[in-house]
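Open your viewer, get ready to select a few residues, and follow along stop by stop.

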Amino acid sequence: VRGTLLTDELGCLTDIDGATVPISQLCKERLLLVCTFKAVPCPVCPEQLRRLMGEPYRSFFREYRVQFVILCPGPLDGLRASRDLLLPAIGDEYVPFICDEDLSIARSVQAEMGFGQIIPCFFEVAPDLSTGWTQVGRGPGNFGEDQVCRFVFARSNRSREVAELRFLELEADLRTLQSFSEDTCAPQMLLLMPGLLEGCLQLLAPLARTSVAVACKEWNSCARTVTRKEVKEFFAQMKLLRWPEEADDEETLWPGIAAPAIDATSQQLGFHLRLLQTASSPRRADAGTAREEEAAVNTERCEPPAARVPSSWYRGQTAVAAAVGLIAAAAMLGRRTA
């Protein structure tokens with residue numbers, strides 16, 4: 001079973017009650033696993049769901065924020081009747097049932113079995129809607145909940161280990177930075193009001209700020225100071241996310257966060273680590289260096305999802321950069337006049 005799950009243009013599917021299931025959003029917030037039913041008359045597949053919803057599995061999947069989605073061929077009325085019989089076992093859990101009457105969804109992930117049936121299996125859906133881990137096959141003596149548990153446990157631990165490694169690396173760099181004196185701007189040299197340049201630079205995205213910092217030594221110093229401040233604020237937020245104040249001593253690090261969300265956090269940690277390393281450089285950046293540093297960040301693909309914004313935002317960034325450029329020109333002109 002492999003491929004990209006077929007959804008509409010918004011990354012959604014429609015369940016058997018006509019409600020929208022935001023698959024792409026669920027993939028980012030939870031660890032999404034699709035449990036396929038071979039066919040409506042199959043007696044084994046509904047039993048598999050009952051076992052998933054029973055203890056201790058139910059509590060385990062809640063702890064690791066696993067989201068199950070049921071994919072089954074039609075007919076629609078038959079699947080609704082099968083779901084209704086499973087409602088006592090499902091209880092208050094959110095488990096959407098998707099009817100794949102034409103098998104187009106199953107075909108998109110190569111799970112079509114033939115004769116109007118779907119291969120009974122589990123498969124992970126990643127944030128980009130591609131399939132990940134799979135477990136294929138099901139029978140009266142071959143249920144898959146134990147294999148699912150082992151995968152969820154290993155997947156979550158792996159994500160936590162990566163996030164923890166990057167968190168500790170960022171923490172170590174911040175501690176090293178504190179042992180050196182912070183660079184400060186020299187507003188008396190730029191002939192600007194104190195704090196004006198820093199306020200303008202804060203309006204720029206980090207990579208755009210790196211580009212405009214090549215104007216002069218003072219701009220470079222102010223840009224690095226602003227970046228360091230932002231990284232420290234980000235680190236404080238990650239520290240609470242890693243270990244909330246109300247967490248028990250027995251809880252693991254990064255509690256209550258699904259593996260895909262931890263992966264996104266790791267990308268943000270890596271991105272801010274790169275920014276801090278760039279801002280901590282004691283030398284003056286030039287245009288070539290700025291391009292190299294920007295390319296290095298883009299190569300690692302560490303830019304956080306929150307940085308993906310509409311084109312109107314980029315137009316605003318361009319306007320801010322132009323305003324900052326005017327300030328620089330005015331400062332240089334004032335210096336020459338003096």
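Start by selecting Phe60, Phe61, Tyr64, Phe68, Phe122 and Phe153, which together form one aromatic cluster. This is a predicted model, where local features need pLDDT of at least 70, side-chain atom pairs count only at pLDDT 80 or more, and totals for chains, interfaces and linings use all residues. Residues are numbered from 1 along each chain as its sequence is written, and side-chain values use heavy atoms, with hydrogens and water left out.

A search of the whole structure finds nine aromatic pairs. Rings of Phe, Tyr and Trp (its six-membered ring) pair if their centres lie within 6.5 Å; planes under 30 degrees apart count as stacked, over 60 as edge-to-face and the rest as tilted.

Next, show Phe60 with Tyr64: this pair is tilted, with 4.8 Å centre to centre and 40° between the planes. Both residues are buried (under 20% relative accessible area, with exposed over 50% and partly exposed in between, using a 1.4 Å probe and protein chains only).

Now move to Phe68 and Phe122, an edge-to-face pair at 6.4 Å centre to centre and 65° between the planes. Phe68 belongs to strand S4 (residues 66-72) and Phe122 to strand S8 (residues 121-125), so their pairing ties together parts 54 residues apart in sequence. Helices (H or I, at least four residues) and strands (E, at least two) are DSSP runs, numbered from the N terminus. Phe68 and Phe122 are both buried.

Finally, select helix H2 (residues 44-53): seven of its ten residues are buried, so the helix is largely enclosed by the rest of the structure. Among those buried residues are Cys45, Leu49 and Met53.
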